[in-house]
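Please consider the following structure with attention to its charged side chains and to the packing of its helices.

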Amino acid sequence: MRKNHDKVSYLRPTPDVIPRAGHNISTGNISEGALKVLYRLKNAGYAGYLVGGGVRDLLLGREPKDFDVVTDATPEQIRELFRNSRLIGRRFRLAHVRFGAEIVEVSTFRAPHHDSGDAGHVVDGRIVRDNVYGSIDEDVWRRDFTVNALFYNIADESVVDYVQGMNDIKSGCIRLIGDPRRRFIEDPVRLLRAVRFATKLGFKISPETGSRIPELASTLGDIAPARLFEECLKMFFNGYALQTFEQLRRYDLFKELFPQTEEALTAQQGGFPYTFVANALRNTDDRLAQNKPVTPGFLIAALLWLPMEKLTREHIARGMNEMDAIMLAGDIVVSRQTRAIAVPRRFTSMARDIWQLQPRLTRRSNRRPHRLIENPRFRAGYDFLLLRAQSGESVNELAEWWTQFQQDQPETKSHTRNRHNRRWRRR
């Protein structure tokens, strides 16, 4: 028996249909795998549309990272049609169709969450199960932002626009579909997605959407920490980490993700702490732009350095030796951080190693430098030392010494650097 939920009013205007001559999407820019899925659905009598970021990026002249397809076929029918597919997800059931290294995600049109008992379930406004199937007229209102709600119809190569998404793409605007407060509460991760899309695309968040973000920032606490870590990877390793950080702080979101770091930044706004974090994020963007390897472990070490270093000083002031103080402070800071974001242990271990290398880099007598340069984490620790020097810490002389020391080791320099680079890439 259907439960009596508050009904949501869904407008169903006639969509704008932009014919092939009115847009720049060509089948030549769509991946071979996505085209195979679309044409097989069409030939089997099902509807088949590209939707989401792939359509958005094609319209912007960008190369999509991947392609998502939506259809009126159920997941079970999709699986029957594609032997190279598998069904995934319980909260949101869909199919992955594999063509070599490419995976095309194929989902079924969704209807409002309250239309069926167990298939669609909302608790306190949040979607906890989402498998109520519907039509394209219903599915569009379930999508998050207007620029992600454009459908490319393989049947006639037109673009179907229910929500003025084409206008928002042309004007560079990120706008939620429907009432922003309700849509953010349905899935608070949309708060982060709004910032990520805005920085990635160089768009602005619309006033009606942006005004709701700070007041709802605390709802991120309802999201599983593991899911928040995945969102952080998308935000900070997309080549726009510094801009993302600035927008997250503007909308009071950063403090929900990294509360200890935000506290340190607030205490000394505009001084060394801000410079250090900004430089770490800028360096991440620069490395990605140069196709150099990056790792979450190094960035976690940078983002948590400020609270860790503050706590270390407090332990030392109470009589603890420096290395023990760093180890204890690192344990405490990481433990507190993982309550908000579930950072995998392999990355927090790397962060701890980088922190513990900093005092060891000050010990330059006898054979210690030669032994330290063989440490698997040496390169990461040395790069971290350079970051500290770049940001204004009083370690310039130490950083210059280690730079010169490595240059003076011709017999080991190439071998050591290659070995460190191989290990760095494996992490």
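Aspartate 285 is buried, yet it takes part in no salt bridge. Its nearest side chain of opposite charge is that of arginine 282, at 7.2 Å. A residue is buried when its relative accessible area is under 20%, exposed when over 50%, and partly exposed in between, using a 1.4 Å probe and protein chains only. Lys and Arg count as positive and Asp and Glu as negative, while His and the chain ends are not counted. A salt bridge requires a side-chain nitrogen of Lys or Arg within 4 Å of a carboxyl oxygen of Asp or Glu.

The model is a predicted one, in which local features need pLDDT of at least 70 and side-chain atom pairs count only at pLDDT 80 or more, whereas totals for chains, interfaces and linings use all residues. Residues are numbered from 1 along each chain as its sequence is written, and side-chain values use heavy atoms, with hydrogens and water left out.

Aspartate 285 belongs to helix H14, residues 272–289; helices (H or I, at least four residues) and strands (E, at least two) are DSSP runs numbered from the N terminus. When neighbours within four places in sequence are set aside, aspartate 285 is in contact with Gly239, Tyr240, Ala241 and Leu242, contact meaning heavy atoms within 4.5 Å.

Helix H14 also packs against another helix. Two packed helices are described by the angle between their axes and the distance between the axes. The axes of H14 and helix H19 (residues 378–390) come within 9 Å and cross at roughly 130 degrees. H14 is therefore oblique to H19. Axes here are lines fitted to C-alpha atoms, for helices over the stretch in contact, and angles run from 0 to 180 degrees between N-to-C directions. Angles under 35 degrees count as roughly parallel, over 145 as roughly antiparallel, 65 to 115 as roughly perpendicular, and the rest as oblique.

Although aspartate 285 has no salt bridge, the count of salt bridges comes to 22. One of them joins the side chains of glutamate 231 and lysine 234, at 3.6 Å from N to O. Both residues lie in helix H10 (residues 225–236), 3 residues apart, which means that about one helical turn separates them. Glutamate 231 is buried, at 5% relative accessibility, whereas lysine 234 is partly exposed at 40%.

Which residue forms a salt bridge with arginine 352? The partner is aspartate 331, with the closest N and O atoms 3.0 Å apart. Arginine 352 lies in helix H17 (residues 345–360) and aspartate 331 in helix H16 (residues 322–340), so this pair ties together parts that are 21 residues apart in sequence. Arginine 352 is partly exposed at 21% relative accessibility, and aspartate 331 is partly exposed at 40%.

Another salt bridge connects glutamate 397 with arginine 364, the closest N and O atoms being 3.1 Å apart. This pair links distant parts of the chain, 33 residues apart: glutamate 397 is in helix H20 (residues 396–407), and arginine 364 is in the loop between H17 and helix H18 (368–372). Glutamate 397 has a relative accessible area of 47% and arginine 364 one of 29%.
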